[in-house]
Amino acid sequence: MNDMTLYLIIALTPLAGSLLAGLFGKQIGRRGAHCATIAGVAVSALLSLQVLWGFVSGSRTKFDENVYTWLSMGNVDFSVGFLVDGLTAMMMVVVTSVSLMVHIYTIGYMKDEEVGYQRFFSYISLFTFSMLMLIMSNNFIQLFFGWEAVGLVSYLLIGFYFKRESAIFANLKAFLVNRVGDFGFLLGIGLVLAYFGGSLRYQDVFANLHMAEGMSFLGTDLITVTCLLLFVGAMGKSAQFPLHVWLPDSMEGPTPISALIHAATMVTAGLFMVSRMSPMYEMSTTALSVIMVIGAITALFMGFLGTIQNDIKRVIAYSTLSQLGYMTVALGVSAYSIAMFHVMTHAFFKALLFLAAGSVIIGMHHDQDMRNMGNLRKYMPITWITMLIGNLSLIGTPLFSGFYSKDSIIEAVKFSNLPGSSFAYFAVLASVFVTAFYAFRQYFIVFHGPERWREVKHDHHHHDDEHGHHHGLSPKDNPHESPWVVTFPLAFLAVPSVVIGALTIEPLLFGDFLKDAVYVNHELHPVMSQMAEHFHGVFGMVTHSLMSPVLYLAIAGVAAAWFLYVKSPHLPAKIHAACKPVYNLLDNKYYLDVIYFNVFAKGSRALGNFFWKVGDTAIIDNGIVNGAAKAVGNMAAQVRKMQTGFIYTYAAVMVTGVLVLVVAFFWHLWF
């Protein structure tokens with residue numbers, strides 16, 4: 001099998017499964033739908049693993065070829081093609097392996113769904129295909145196709161329960177916010193086409209970057225403008241402040257898609273794009289500084305919001321926002337390999353956390369409110385231990401995967417000398433404490449303490465969904481461990497959440513694995529070269545952590561969560577009462593939703609009403625179209641009055657007309 005055939009099979013088998021489940025779902029049934037989609041993604045995952053091993057062993061080299069050209073316009077060709085190098089191979093394995101676990105998990109999670117089962121499997125398999133097309137692209141057109149495709153399918157998945165108003169609002173919000181980012185992204189692609197050699201293929205653009213040096217656009221450096229416009233697209237897709245508001249609301253979709261969107265696919269697309277465009281970003285220190293500061297704001301302030309959430313999935317959603325901020329900070333300090341390293345480790349432990357949360361939700365009969373949980377470790381031991389592993393990796397516990405990538409980001413920021421790096425370093429350090437606090441606040445509330453569902457007075461009207469299914473356990477019920485199709489993905493994902501960081505840190509960060517994929521100007525941005533001097537192996541990094549503030553901030557966060565929610569559970573209510581303005585600020589998510597709704601949504605509606613009533617109705621309809629008709633009618637009405645029917649009137653008019661003609665003739669003759 002040649003390389004082109006191999007990559008086509010990897011990309012197209014999830015699409016084939018999606019089409020089978022979507023178009024022939026009724027014919028093949030529920031079992032046929034999940035078997036077809038799982039088989040397609042499994043083939044893609046196994047072949048992706050083979051590709052990755054080829055790059056690790058050195059038997060495979062960079063592949064960059066077009067499959068076919070679907071449009072030629074002048075000297076510009078719009079093609080479909082594949083660029084597969086170490087970066088792409090790593091992302092292919094992450095996307096397909098996490099997606100495979102999500103597919104298997106969905107069998108158990110969605111088993112009680114009476115309608116939409118085949119449709120859901122079709123969507124998530126189509127999502128996987130879209131993401132593969134994005135990361136395997138060798139040109140901006142295919143990148144944009146995958147970019148928009150994951151946005152479209154996420155819209156369908158977030159609004160899967162399309163009879164629920166909150167789901168309709170959430171998917172529309174995600175769609176509109178991403179359109180804002182995509183508008184900037186499209187403008188950036190337009191500048192690339194106009195000024196970087198007239199080609200949209202990556203290798204041609206990178207070869208012609210020198211053409212844009214010293215050029216300005218609207219009074220600003222052209223490369224800086226292009227980089228920032230492309231990053232606006234990344235801000236929308238990867239949920240960076242202030243375009244982050246869609247991501248928490250995406251929890252309206254079923255838990256499996258929460259894991260898929262938040263862990264390995266859609267939200268990492270922007271980070272992948274910036275890493276792929278590293279030769280361009282290395283030419284603009286201003287763009288890198290902006291990226292770093294935006295990432296720092298996202299990491300810290302989105303983490304604060306996670307500390308007050310009571311929905312088990314929303315806590316993890318704000319955790320995703322904060323971790324995406326960490327990755328963006330790494331991009332800003334030119335540590336692209338560290339950013340992608342954290343993308344990989346985060347994909348596994350965040351998918352684990354979401355799927356474990358879904359297992360808890362199943363055990364609690366679809367009650368997501370953590371205030372109704374407690375002591376679940378007694379009833380759900382597999383879910384308990386796997387969620388503990390996920391949280392330990394999330395907070396950067398030494399010897400867990402998240403430790404290596406998260407600590408590397410903090411070290412990279414410490415070495416940076418970009419404008420704003422001091423603020424970024426403070427933000428990522430403070431976020432360590434905040435992350436540990438909200439992660440273990442969730443853990444202690446859910447798995448320790450009293451069994452609170454026994455104290456809840458159930459209002460059946462409140463706890464029934466639109467299908468009439470009752471949510472929540474009754475006081476006499478006990479939760480139970482989830483079936484194997486749910487717990488197997490948890491156990492599978494727990495393994496890389498522990499070991500993948502230690503196994504891959506050296507080749508990814510300080511070896512040659514990403515040498516053909518990521519470019520860093522070490523003279524201008526020497527962060528990675530400085531870190532290489534200080535890296536003394538995995539255990540050296542663990543030893544170093546004992547002398548850094550990061551470990552102790554994480555321990556302090558865990559201790560604070562234990563004290564407030566296990567030792568003294570009455571204190572949070574008192575703190576809430578004492579700090580009500582701060583709580584209200586966090587509860588309203590810094591009022592950004594209110595501002596966006598009242599300024600942009602209502603403002604757009606008011607502007608539309610103005611153009612409708614003044615422009616369309618008053619000026620065009622009443623003024624031009626109907627106005628012209630009325631003017632003719634009024635004139636005709638006045639002229640009609642001259643038609644009296646009397647002979648002497650017509651004679652007078654004729655005489656008057658003759659006199660006017662005579663006067664006009666002599667006037668012209670004399671003058």
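**Close-up views of a predicted model**

**View 1. Tyr 202 and Phe 206 in helix 7.** Phe 206 is partly exposed, with a relative accessible area of 25%. Tyr 202 is buried, at a relative accessible area of 3%. (Buried means under 20% relative accessible area, exposed over 50%, and partly exposed in between, using a 1.4 Å probe and protein chains only.) The two residues sit four apart in helix 7 (residues 202–207), so about one helical turn separates Tyr 202 from Phe 206. (Helices are DSSP runs of H or I with at least four residues, numbered from the N terminus.)

This is a predicted model, in which local features need pLDDT of at least 70 and side-chain atom pairs count only at pLDDT 80 or more, while totals for chains, interfaces and linings use all residues. Residues are numbered from 1 along each chain as its sequence is written, and side-chain values use heavy atoms, with hydrogens and water left out.

**View 2. Aromatic pairs.** A search of the whole structure finds 26 aromatic pairs. The ring centres of Tyr 202 and Phe 206 lie 6.4 Å apart with planes at 20 degrees, so this pair is stacked. (Rings of Phe, Tyr and Trp, the last by its six-membered ring, pair if their centres lie within 6.5 Å; planes under 30 degrees apart count as stacked, over 60 as edge-to-face and the rest as tilted.)

**View 3. Tyr 443 and Phe 447 in helix 18.** Their ring centres are 5.7 Å apart and their planes meet at 35 degrees, so the pair is tilted. Both residues lie in helix 18 (residues 421–447), four residues apart, about one turn of the helix. Tyr 443 and Phe 447 are both buried. One aromatic cluster is formed by Phe 440, Tyr 443, Phe 444 and Phe 447.

**View 4. Helix 11 packed with helix 15.** Helix 11 (residues 269–276) and helix 15 (residues 336–363) pack at about 155 degrees, with axes 10 Å apart. (Axes are lines fitted to C-alpha atoms, for helices over the stretch in contact; angles run from 0 to 180 degrees between N-to-C directions.) Helix 11 is therefore roughly antiparallel to helix 15 (an angle over 145 degrees). Leu 271, Phe 272, Val 274 and Ser 275 of helix 11 meet Tyr 336, Met 340 and Val 343 of helix 15. (Contact means heavy atoms within 4.5 Å.)

**View 5. Thr 320 in helix 14.** Helix 14 spans residues 312–332. Thr 320 is buried, with a relative accessible area of 0%. Leaving out residues up to four places away in sequence, Thr 320 touches Leu 247, His 262, His 346, Lys 350 and Phe 354.

How values were computed: Angles under 35 degrees count as roughly parallel, over 145 as roughly antiparallel, 65 to 115 as roughly perpendicular and the rest as oblique.
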